[in-house]
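Biologist: Could you take me through the inside of this protein, slowly? I'd like a close look at the nonpolar core and whatever ties the chain together around there.

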Amino acid sequence: MSDSSVAPRSHPRRRLLAAAIAVASTLLLAGCSQPVPIETAPLASDAACAAVVVRLPDTLAKGTEAEQAERETNAQGTGAWGEPASVILRCGAETPGPTTDRCVSVNGVDWVIDESDAPNYLFTTYGRTPAVEVFVDNDVVSGTTVITELAAAVSVIPADGGCTTLDETTG
């Protein structure tokens, strides 16, 4: 893990993802088996997003107490897991710029972590265009497990940068 010397994340996207999870939860509790409603990311039609989506796993945290089955979504370039949805993926997000949020490298994919709404975390790929956002309810499933299991799918988007430490930027 390395800290990045990069700008605070905007919180409206996190609120939108939280709202999507709340709506999905409400629909599930009402007995509906509808697709998980997710707002499409601005660059969702990028061919790289199609390559990511076809590689998404059917299950996250398979074989554990926290196992989350894949769900149908209503938007291009998205994925969701859990009943109610505890993990939401949006491909085609704007590539994050420099931020002071924590940045970690997992299986060759760098992720910026917005922990401001813990236990709900927003992981955004760093150094890949378009970016992929993954919203995780860490009370249900481990964010570390999720980004580890999604790294293979996300890695089809070529890296053009990555996490850096303050030492690397001033050296």
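**Inside the core**

Modeller: Val87, Trp111, Phe123, Val134, Val146 and Leu150 are the residues that touch the most other members of the largest nonpolar core, which has 29 residues. Two or more residues come from each of these elements: helices H2 (47-53) and H3 (143-154), plus strands E5 (87-93), E6 (102-106), E7 (109-117), E8 (120-125) and E9 (131-137). The top contributor is H3, with six residues. Keep in mind that this is a predicted model.

Let's zoom in on Val87. If you skip its neighbours within four places in sequence, Val87 is in contact with Leu60, Gly79, Ala80, Trp81, Val134, Phe135, Val136, Val141 and Val146.

Now for the ties: the count is two disulfides. One of them joins Cys49 to Cys91, with an S to S distance of 2.2 Å. That pair links distant parts of the chain, since Cys49 is in helix H2 and Cys91 in strand E5, 42 residues apart. The link is left-handed, with -80° about the S-S bond. Cys49 is buried, at a relative accessible area of 1%, and Cys91 is buried at 1% too.

Cys103 and Cys163 form a disulfide as well, with their sulfur atoms 1.8 Å apart. Here Cys103 sits in strand E6 and Cys163 in the loop between H3 and helix H4 (166-170), 60 residues apart. Cys103 is buried, with a relative accessible area of 0%. Cys163 has 13%, and because buried means under 20%, Cys163 counts as buried.

How values were computed
Residues numbered from 1 in each chain as written. Predicted model: local features only at pLDDT ≥ 70, side-chain atom pairs only at ≥ 80, totals over all residues. Heavy atoms only, no water. Core = buried A, V, L, I, M, F, W, Y, C linked by side-chain atoms within 4.5 Å. Buried < 20%, exposed > 50% of the residue type's maximum accessible area, 1.4 Å probe, protein only. Helix = DSSP H or I, 4+ residues; strand = E, 2+ residues; numbered from the N terminus. Contact = heavy atoms within 4.5 Å. Disulfide = S-S within 2.5 Å.
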